[in-house]
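Trainee: I am new to this model and would like a close look at one part of it, the charged side chains and what they pair with.

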Amino acid sequence: MAGHEIPEPKDRKQVADPGSVPRTVEEARHACDPAFRHGVVVGFDGSTSSERALAYAIGMAGRSGSSLIIVHVANRLPTTVWAGCEPPVFVDVPDHRTEVLGLELACADYLSDVPWVLVERGGDICHELEEVGREYAADAIVVGSTHGLVGRIFGSVSGRLARRAQRPVVVIP
């Protein structure tokens with residue numbers, strides 16, 4: 001039935017304000033829950049050092065009466081490894097680890113005394129932790145120290161973060 005239009009119902013209610021300006025993805029991303037502003041950001045990946053950092057951050061948030069922003073940075077790999085192209089292009093690798101970590105944290109008794117939220121990001125760990133700290137106006141960022149050969153060759157996350165962060169960084173051994 002070409003050319004046939006279905007008339008609009010007369011009692012149709014407007015869902016959105018036609019004069020409103022839609023927010024960009026970046027603006028929506030930076031809008032955070034005010035209950036978590038001025039909290040403690042902690043990098044967490046399930047490793048032993050990140051578990052120690054989480055335990056310290058829980059105590060720090062509890063003592064200061066603030067909230068906890070747990071950040072898991074998902075994997076991103078450069079496509080230059082596979083494609084051989086010149087400028088590095090990053091590909092998000094599906095990372096179900098955040099879901100598993102979220103379930104583990106939701107079942108943990110030690111998080112019952114402090115309000116917390118799990119934030120997933122993709123990219124450079126240092127940049128993302130600092131970005132989350134800025135978005136939430138965090139009082140501090142807590143990370144575990146890096147052990148092993150990779151940290152010695154490429155530089156540890158904690159060392160790089162401590163040099164560039166705009167807020168206090170606590171490194172837990």
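Trainee: What relative accessible area does arginine 164 have?

Mentor: Arginine 164 has a relative accessible area of 40%, which counts as partly exposed; buried means under 20%, exposed over 50%, and partly exposed in between, with a 1.4 Å probe and protein chains only. This is a predicted model, in which local features need pLDDT of at least 70 and side-chain atom pairs count only at pLDDT 80 or more, while totals for chains, interfaces and linings use all residues. Residues are numbered from 1 along each chain as its sequence is written, and side-chain values use heavy atoms, leaving out hydrogens and water.

The partner of arginine 164 is aspartate 124: their side chains meet in a salt bridge, at 3.7 Å from N to O. The term stands for a side-chain nitrogen of Lys or Arg within 4 Å of a carboxyl oxygen of Asp or Glu. Aspartate 124 sits in the loop between strand E5 (116-122) and helix H5 (125-135), and arginine 164 in helix H7 (residues 157-164), so the bridge ties together parts 40 residues apart in sequence. Helices (H or I, at least four residues) and strands (E, at least two) are DSSP runs numbered from the N terminus. Aspartate 124 is also partly exposed, at 32% relative accessibility.

A second bridge joins glutamate 130 and arginine 167, with the closest N and O atoms 2.9 Å apart. Glutamate 130 belongs to helix H5, whereas arginine 167 is in the loop between H7 and strand E7 (169-172), so this pair links parts that are 37 residues apart in sequence. Both glutamate 130 and arginine 167 are buried.

Within helix H5 there is a further pair. Arginine 134 and glutamate 131 form a salt bridge whose closest N and O atoms are 2.6 Å apart. They are 3 residues apart in the helix, a separation of about one helical turn. Arginine 134 is partly exposed at 45%, while glutamate 131, at 17% relative accessibility, is buried. The whole structure holds 6 salt bridges.

The cysteines are a separate matter. A disulfide is a covalent bond between the sulfur atoms of two cysteines, counted here when a pair of cysteine sulfur atoms lies within 2.5 Å. By that rule there are 0 disulfides. Cysteine 107 is exposed, at 64% relative accessible area, whereas cysteine 126 is buried, at 0%.
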